[in-house]
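Me: Please examine the structure shown below and answer some questions about it.

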Amino acid sequence: MAKVPGFAKAFVGRWRIVEMDVWDSEFLDLAEEAHLTFQGKSDGEIAFGALKGFLDVRYGARDGSACAEFSWEGHDENDPSCGRGWAMIGTAGRLVGHFYIHNGDDSAFVCERG
C-alpha cells in the first residue's frame, strides 16, 4: 500500500463548500450538502448543485503552501462531466481554490471543515 504524502494530512476529511463565485448558496445544496472530500493517497469527491464528481488528487506545494491539485470525473444533471481544480489551506483554516468544468464554467470556492 502506498504511503499517504505528508501534504495530504492537511486536507484529509470532508470540507463543506460555503461559497462559490458563480453559484449562489441556495444552488450549492440543491441535491445534497455541497462538499469537497479528500481521502487517502489520491482519492476524493466533490458535490454541489446537480454535479457530483470523483477526484484523482496530487498533493504538493504552490507558492510555499500545501496544495491539492485534482482532476475529476462524474456527472452534472445526469450528463457525463469532467474537469480539474486545486485547493490550498487559506486563512482561518479555510480551504480556498478554483474548480473547472471541462468546456464549461469555472469558479473560485471557499470551504470550511465539515
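Me: Where is the place of G40?

Reply: This is a predicted model, in which local features need pLDDT of at least 70, side-chain atom pairs count only at pLDDT 80 or more, and totals for chains, interfaces and linings use all residues. Residues are numbered from 1 along each chain as its sequence is written, and side-chain values use heavy atoms, without hydrogens and water. Strands (E, at least two residues) are DSSP runs numbered from the N terminus. G40 lies in the loop between strand 2 (35-39) and strand 3 (43-48).

Me: Is G40 buried or exposed, or in between?

Reply: Buried means under 20% relative accessible area, exposed over 50%, and partly exposed in between (1.4 Å probe, protein chains only). Because its relative accessibility is 37%, G40 is partly exposed.

Me: What is the bridge partner of Y100 in strand 8?

Reply: Two strands pair if DSSP finds at least two bridges between them. Strand 7 (residues 95-101) and strand 8 (residues 106-113) pair in the antiparallel sense over six bridges. In strand 8, Y100 has as its bridge partner D106.

Me: Why is the pair of W23 and F27 stacked?

Reply: Rings of Phe, Tyr and Trp (its six-membered ring) pair if their centres lie within 6.5 Å; planes under 30 degrees apart count as stacked, over 60 as edge-to-face and the rest as tilted. By this rule there are seven aromatic pairs. The ring centres of W23 and F27 are 6.4 Å apart, and the pair is stacked because the planes lie at 25 degrees.

Key. Helix = DSSP H or I, 4+ residues; strand = E, 2+ residues; numbered from the N terminus.
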